[in-house]
Amino acid sequence: MKVIARRTEGLAHEVEVEGGHEIVVDEPIEVGGSDSGPSPTQLLAASLAGCTAITLELYAERKGWDLSGLEVEVDSASERLAPSAFEVILRLPGSFNDEQRQRLLAIAAKCPVHKVLATEASIAVSDRVETI
């Protein structure tokens, strides 16, 4: 997968995601941005919430469980601009028993974004610089 960020104005960037999707990323006004889009760290929390919800939906579908109304909330604690912790809160339909709820809690921790955040992923900044 390839993702490209291109500056539009100030700290705002248009991010092109492979597959034809575009997202505007910016910073809040209080840190010098124009707040024209979510910050990268907000997108990180959004990715965790979305990935968790999708992972739960796929699991529930295989089990034949109805997760209508599912909500996944992510609250992140920050030190300066970087998140230092994430809390994931699941809001499940009331029809689930304790065993099902415990299973869904375990499955929530298996989403790919959760796995990356819970480990030290390898990130390499290439020493190759290209001119535009």
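This is a predicted model: local features need pLDDT of at least 70, side-chain atom pairs count only at pLDDT 80 or more; totals for chains, interfaces and linings use all residues.
Which helices and strands each supply at least two residues of the lining of the largest pocket? The legends below take up this point and then turn to the sheet and the salt bridges.

View 1. Residues are numbered from 1 along each chain as its sequence is written, and side-chain values use heavy atoms, with hydrogens and water left out. The elements that each supply at least two lining residues are β1 (3-9), β2 (12-17), β3 (21-25), α1 (40-63) and α3 (112-118), where helices (H or I, at least four residues) and strands (E, at least two) are DSSP runs numbered from the N terminus. The largest contribution, 4 residues, comes from α1. The pocket has a volume of about 640 Å³ and 16 lining residues, with Met1, Val3, Val15, Val17 and Ser47 nearest its centre. (On a 1 Å grid over the protein atoms alone, a pocket is an open set of points where a 1.4 Å probe fits, with protein on both sides within 12 Å along at least five of seven lines, and lining residues have an atom within 4 Å of a point.) By residue class, the lining divides into 14 nonpolar, 1 polar and 1 charged.

**View 2. The open sheet of β1, β2 and β3.** The 3 strands follow the order β1-β2-β3 with antiparallel pairing, two strands being paired if DSSP finds at least two bridges between them. The edge strands, β1 and β3, each pair on one side only. The antiparallel pairing of β2 and β3 runs over 5 bridges, and Val17 has His21 in β3 as its bridge partner.

**View 3. The salt-bridge network around Arg91.** Glu71, Glu73 and Arg91 are linked in a network of salt bridges, each defined by a side-chain nitrogen of Lys or Arg within 4 Å of a carboxyl oxygen of Asp or Glu. The N to O distance is 3.3 Å for Arg91 and Glu71, which lie 20 residues apart, Arg91 in strand β5 (residues 82-91) and Glu71 in strand β4 (residues 71-79). For Arg91 and Glu73 the N to O distance is 2.3 Å; Arg91 lies in β5 and Glu73 in β4, so this pair ties together parts that are 18 residues apart in sequence.

View 4. The closest N and O atoms of Arg101 and Asp98 are 2.3 Å apart. Being 3 residues apart in α2 (residues 98-108), Arg101 and Asp98 are separated by about one helical turn.

Methods: Grid points are joined across faces, edges and corners, and a volume is the space filled by probe spheres set on the points. Ala, Val, Leu, Ile, Met, Phe, Trp, Tyr, Cys and Pro count as nonpolar, Asp, Glu, Lys and Arg as charged, and the others, Gly among them, as polar.
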